[in-house]
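Here are my notes on the model, as numbered points. Please read them with the structure open.

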Amino acid sequence: MGRILNYARTTGFTEYTSTLKEAWRLSISGLTSSIVLAKQVLQETPELTPDFDFQDNPIAHFGVVEAQRHRERGIDLAMFLSLFKYYRRAYRDVILEKAPTELDKNASLAFLDRTFDIIEIAFTVEWSGRKEDANLRQLQVMNRQMTNEKNKYLTIFESLPSPAFLVNSDGSLDNMNLMATSYFNPESTSGGYYYRHSEQQTGETDTESHESAEQKRPIGEILPWLTRELELFMSNKLETPRFIKHVDIYKKEYTFVVRLSEMFDVSRKFNGAVIILEDITRLKQVESDFKKLAGFIPICSHCKNIRDDKGAWNKLEEFIEQRSEALFSHSICDTCLEKHYGPDDESDS
């Protein structure tokens, strides 16, 4: 997988393929399984004959399946066949390095090349054999799937209970969710930033929601108090990706737990950072209020009422509830139960 990914990166194919390592692993695992199956089924290198069945042949099955998958992803025939040449090259590299003898090397290369020939031909037959109406229907299905995937991503991202920011490798903001925008605009709506900024160049949003064409905003314009830490994080020099920040946003003080994370993208198209903010402002205020309870508190030795700093006497539970998040529920302990209501008479039960 490392060899193929390296070829794909250096030749630019990762710009049009999956960004997740697992997708590449599954593709290569499937190809390896097809080659192993071919070796198990056939003792000799197969020959290509005029009546060779590329539809039902077990070796060609991988090519048929991959044709269907890659066509759905919008990759054209020429692009896939070009990338598949590098797949072949990577497998040949392994044989050239690992074959124990020259005889094994030549036999393995011949078998490998013929297996790749069968898979590529099967891929081409499956790809080009479809009628236009079938291609159109598949394109419509693919577009619906892409729309659903985008909507799923936006729904999850916008539903996060904490402010979240996606930052490109150049430090520009790619997207921020509803909870993040609400700190800067109380009237913000779900998906507002995405549709105003991320798609304004594509013409997908209506003209009323379009702003003038502009480059992505630097994250420093939105979170200037985080610029230094983000620069250190992007250069792998930040000691810890989790820290606390006390900031002022529109003359209101906040305390955030900041979490930074890298984007997991093997294609390196999306190699920026994810910023998650956890607002602990209220928690810090509660801690501060509890600290105010430290020291001597005047309490009545009889009724247990507490005198506040204004000289007024308050019930114990009211005094604490006003200064903390605690809530009281009333019950009666066993000692008071026996004292005020007498011992439990089991004979009456």
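1. Helix H10 first. In this predicted model, the buried residues of H10 are Glu 229, Leu 230 and Phe 233. The arc they cover around the helix axis is only 100°, so they sit on the same side of H10. Among the elements covering these buried residues are E1, helix H9 (219–222), E3, E4 and E5.

2. Placement of H10. The helix spans residues 227–234 and lies across E1, E3, E4 and E5. Relative to E4, H10 runs at about 10°. After H10 comes Asn 236, which has a positive phi, near 60°.

3. The sheet. Five strands make an open sheet in the order E2-E1-E5-E4-E3, and the pairing is antiparallel. Strand E2 (173–176) and strand E3 (242–249) are the edge strands; each has a single partner strand, so one side of each has no neighbour in the sheet. On average, and with direction ignored, neighbouring strands of this sheet are turned by 30° against each other.

4. Strand pairs, E2 side. Strand E1 (residues 164–167) pairs with E2 in the antiparallel sense, over three bridges. Within this part of the sheet, Leu 166 is opposite Asn 175 in E2.

5. Strand pairs, E3 side. Eight bridges join E3 and E4 in the antiparallel sense. Phe 243 has Val 258 in E4 as its bridge partner. E3 and E4 form a hairpin with two residues between them, and Tyr 250 in the turn has a positive phi of about 50°.

6. E4 and E5. These two strands pair in the antiparallel sense over seven bridges. The bridge partner of Arg 259 in E5 is Ile 276. Arg 259 also has a side-chain link: a salt bridge to Glu 278, at 2.9 Å from N to O. That pair links distant parts of the chain, with Arg 259 in strand E4 (residues 252–262) and Glu 278 in strand E5 (residues 273–279), 19 residues apart. How accessible is Arg 259, and how accessible is Glu 278? Arg 259 has a relative accessible area of 31% and is partly exposed. Glu 278, at 32% relative accessibility, is also partly exposed.

7. Salt bridges overall. The structure holds twelve of them. Salt bridges with shared partners join Glu 47, Lys 85, Arg 88, Arg 92, Asp 113, Arg 114, Asp 117 and Glu 120 into one network.

8. Glu 120 and Lys 85. Their side chains meet in a salt bridge of 3.0 Å, N to O. Glu 120 belongs to helix H5 (residues 102–128) and Lys 85 to helix H4 (residues 77–98), so the pair ties together parts 35 residues apart in sequence. Which of the two partners is buried, and which is partly exposed? Glu 120 counts as buried because its relative accessibility, 10%, is under the 20% limit. Lys 85, at 44%, counts as partly exposed.

9. Asp 117 and Arg 114. This salt bridge has its closest N and O atoms 3.6 Å apart. Both residues lie in helix H5, three residues apart, about one turn of the helix. An α-helix has 3.6 residues a turn, so residues three or four places apart point the same way. Asp 117 is partly exposed at 24% relative accessibility.

10. Largest nonpolar core. It has 27 residues, of which Ile 4, Trp 24, Leu 31, Phe 84, Tyr 87, Tyr 91 and Phe 116 touch the most other members. Two or more residues each come from helix H1 (2–11), H2, helix H3 (61–72), H4 and H5. H4 gives the largest share, seven residues. Leaving out residues up to four places away in sequence, Phe 84 touches Leu 31, Phe 62, Phe 116, Ile 119 and Glu 120. Another core lies apart from this one and has 24 residues, among them Ala 180, Leu 226, Phe 256 and Leu 260.

11. Ser 27. This residue is in helix H2 (residues 21–41). Ser 27 counts as buried, at 14% relative accessibility. With neighbours within four places in sequence left aside, Ser 27 is in contact with Phe 62, Glu 66 and Tyr 87.

Definitions and conventions. Residues are numbered from 1 along each chain as its sequence is written. This is a predicted model: local features need pLDDT of at least 70, side-chain atom pairs count only at pLDDT 80 or more; totals for chains, interfaces and linings use all residues. Side-chain values use heavy atoms; hydrogens and water are left out. A salt bridge is a side-chain nitrogen of Lys or Arg within 4 Å of a carboxyl oxygen of Asp or Glu. Helices (H or I, at least four residues) and strands (E, at least two) are DSSP runs, numbered from the N terminus. Buried means under 20% relative accessible area, exposed over 50%, partly exposed in between (1.4 Å probe, protein chains only). Two strands pair if DSSP finds at least two bridges between them. Axes are lines fitted to C-alpha atoms, for helices over the stretch in contact, and angles run from 0 to 180 degrees between N-to-C directions. Contact means heavy atoms within 4.5 Å. The arc is that of the directions from the helix axis to the C-beta atoms. A nonpolar core is a set of buried Ala, Val, Leu, Ile, Met, Phe, Trp, Tyr and Cys residues joined through side-chain atoms within 4.5 Å.
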